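Visitor: I am new to this structure. Please show me how to read its features, one at a time.

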Amino acid sequence: METYGQTDGMDGETCLRQAYNAILHGDFESAVHWFAQAIEREPDNASYHYSASVTCSRSGKTALAESYAKRAVELDPDDPVYALNLRTIESRRLIQEARDLLELPEPRAADAAKLLLQADKLDPLSAEAKLLLGLSYRMMGDLRSAIACMRETLRLYPQHAEAARLLQEYRAERRRMLQSRFSHPKPRRNR
């Protein structure tokens, strides 16, 4: 494989081949470098930006992935693959922001739910967005919506063990709540 310093005289395609070769060898840092080299040589090539965004996203470099994905869409706004990639990356970013809000010492469930609704709109196939939205609703005391989110998660991914466990837990909690509400007779009013 070429080293970082040996890029003189290379065109974008050669750099792209180096990036894919690095991916095949599991060297994602090197792949990111080679995608950047390809983009440097052909900055208006949307497919280079797209490929770089996919690799960056898989490597956990969300901000860089989103930047490359946005540029790919700017360069070729009619390509549905580029648009889908951007929406998916934006959704993942929103999910992470929501997760951070839910993990605070005093979770901000309502703020997290707003982000998760946006994430779900961007990527309706994200089980993680639906699961975390359900957790947010539960934290806000909305068991009906929490249950609906768990059902939706399981509809997408029937083997999702955490969603199945939470659905069972939330249903039991809702039953207990309803039983306690209806098991106590209402006091009669004096007329």
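Visitor: Which side chain does Arg-138 meet in a salt bridge?

Guide: This is a predicted model, so read each value as computed from it. Arg-138 meets Glu-173, with 2.6 Å from N to O. The two sit in distant parts of the chain, 35 residues apart. Arg-138 is in helix α7, and Glu-173 is in helix α9.

Visitor: Is Arg-138 buried, partly exposed or exposed?

Guide: Arg-138 is partly exposed, with a relative accessible area of 27%.

Visitor: How many salt bridges are there?

Guide: The count comes to 13 salt bridges. Take the one between Asp-44 and Arg-71, at 3.3 Å from N to O. Asp-44 lies in the loop between α2 and α3, and Arg-71 lies in helix α4, so the pair ties together parts that are 27 residues apart in sequence. Asp-44 is exposed, at 58% relative accessible area. Arg-71 is partly exposed, at 30%.

Visitor: Where do Arg-155 and Glu-152 lie?

Guide: Both lie in helix α8. They are 3 residues apart, about one turn of the helix. Arg-155 counts as exposed, at 56% relative accessibility. Glu-152 is partly exposed, at 27%.

Visitor: Which residues are linked in a network of salt bridges?

Guide: Glu-66, Lys-70, Arg-93 and Glu-97 are linked in this way.

Visitor: Back to α7. How do I check the span of a helix?

Guide: Compare the expected span with the distance between the end C-alpha atoms. Helix α7 runs over residues 127-139 and has 13 residues. At 1.5 Å a residue, α7 should span 18 Å. Its end C-alpha atoms are 18 Å apart, which agrees.

Visitor: What do the buried residues of α7 pack against?

Guide: They pack against α5, α6, α8 and α9. Among the buried residues of α7 are Leu-131, Leu-132, Leu-133 and Tyr-137. Lys-130 is on that list too.

Visitor: What follows α7?

Guide: Gly-141 follows α7, and the phi of Gly-141 is positive, near 85°.

Visitor: How do I describe two packed helices?

Guide: Use the angle between their axes and the distance between the axes. For α1 and α2, the axes come within 8 Å and cross at roughly 170°. That makes α1 roughly antiparallel to α2, because angles over 145 degrees count that way.

Visitor: Which residues of α1 and α2 meet?

Guide: From α1, the list includes Cys-15, Leu-16, Tyr-20 and Ile-23. From α2, it includes Phe-28, Trp-34, Phe-35 and Arg-41. By class, this contact has 11 nonpolar, 4 polar and 1 charged residues.

Visitor: Now single residues. Is Met-150 buried or exposed?

Guide: Met-150 counts as buried, at 0% relative accessibility. Its place is in helix α8. Leaving out residues up to four places away in sequence, Met-150 touches Leu-131, Gly-134, Leu-135, Ala-163, Leu-166, Leu-167 and Tyr-170. Leu-131 and Gly-134 are among the buried residues of α7. Met-150 and Met-177 are 27 residues apart in sequence, and their C-alpha atoms are 19 Å apart in space.

Visitor: What does Asn-85 touch?

Guide: Asn-85 touches Tyr-50, Ser-53, Val-54 and Ala-69, again not counting residues up to four places away in sequence. Asn-85 lies in helix α5. It counts as buried, at 12% relative accessibility. Ser-53 and Val-54 are among the buried residues of α3.

Visitor: And Lys-114: is it buried or exposed?

Guide: Lys-114 is exposed, with a relative accessible area of 54%. Lys-114 lies in helix α6. Lys-114 and Ala-98 are 16 residues apart along the chain, and their C-alpha atoms are separated by 8.4 Å.

Key: Residues numbered from 1 in each chain as written. Predicted model: local features only at pLDDT ≥ 70, side-chain atom pairs only at ≥ 80, totals over all residues. Heavy atoms only, no water. Helix = DSSP H or I, 4+ residues; strand = E, 2+ residues; numbered from the N terminus. Expected span 1.5 Å × (residues − 1). Buried < 20%, exposed > 50% of the residue type's maximum accessible area, 1.4 Å probe, protein only. Contact = heavy atoms within 4.5 Å. Salt bridge = Lys/Arg side-chain N within 4 Å of Asp/Glu carboxyl O. Axes fitted to C-alpha atoms, helices over the stretch in contact; angles between N-to-C directions. Parallel < 35°, antiparallel > 145°, perpendicular 65-115°, else oblique. Nonpolar A, V, L, I, M, F, W, Y, C, P; charged D, E, K, R; others polar.
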